[in-house]
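Please keep the sequence and the structure in view while reading.

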Amino acid sequence: MLRLAIVDDNPNDSAALRALVADYLQKNNHAHVIQVFNAPMDFIRSTENHDIVFMDIRMDKLDGLEVARIMRKINTDAVLIFVTNMAQLAIKGYEVDALDYILKPISYFAFSQRLKRALSRVSRKEEPYL
């Protein structure tokens, strides 16, 4: 089962993204669990190892880059995708091994391409090695 997290301090943005994720995964027959964290500290405190994490970069209490740095100390395997309205900040995501970024407002096409790529990365990690 696929475990996803959405970390965004704006409840409207996180709800919209959650709906997109759920819709895409249901249409493509992926069993999944989505956790939404509207407080970055709640995400940091969670004990769940997520397969894919969508994270806003600009949040009030703690920015997404710092949250990602903390996450990487615990979970180096999660596929990280930043969601932001500022493309210039998204470039810094590569410092924490982000796969990609999505610009707000989110278009379904851009989102679906990123999620498809993330799912491919997750499935490669799950393939058995000889």
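Leu4 has Ile34, in strand β2, as its bridge partner. The model shown here is predicted. The pairing involves strand β1 (residues 2-7) and strand β2 (residues 32-37), which run in the parallel sense and are joined over six bridges. Between β1 and β2 the chain passes through helix α1 (residues 11-27), and this β-α-β crossover is right-handed.

Val53 lies in strand β3 (residues 52-56), and Asp100 belongs to strand β5 (residues 100-103). Are these residues buried or exposed? The table gives the values.

| Residue | Relative accessible area | State |
|---|---|---|
| Val53 | 1% | buried |
| Asp100 | 13% | buried |

Asp100 counts as buried because its relative accessible area of 13% is under the cut-off of 20%.

Which residues does Val53 touch, apart from those up to four places away in sequence? They are Ala5, Val7, Phe43, Met71, Ala78, Val79, Leu80 and Ile81. The C-alpha atom of Val53 is separated by 9.6 Å from that of Gln35, and these two residues are 18 residues apart along the chain.

For Asp100, with neighbours within four places in sequence left aside, the contacts are Leu80, Ile81, Phe82, Arg114 and Arg117. The Asp100 side chain makes polar contacts with two arginine side chains: Arg114 at 3.2 Å and Arg117 at 3.0 Å.

How values were computed:
Residues are numbered from 1 along each chain as its sequence is written. This is a predicted model: local features need pLDDT of at least 70, side-chain atom pairs count only at pLDDT 80 or more; totals for chains, interfaces and linings use all residues. Side-chain values use heavy atoms; hydrogens and water are left out. Two strands pair if DSSP finds at least two bridges between them. Helices (H or I, at least four residues) and strands (E, at least two) are DSSP runs, numbered from the N terminus. A crossover is right-handed if, with the strands pointing away from the viewer, the path from the first strand over the helix to the second runs clockwise. Buried means under 20% relative accessible area, exposed over 50%, partly exposed in between (1.4 Å probe, protein chains only). A polar contact is a pair of N or O atoms within 3.5 Å; within protein, one must be able to donate a hydrogen and the other to accept it, and residues adjacent in sequence count only if both atoms are side-chain atoms. Contact means heavy atoms within 4.5 Å.
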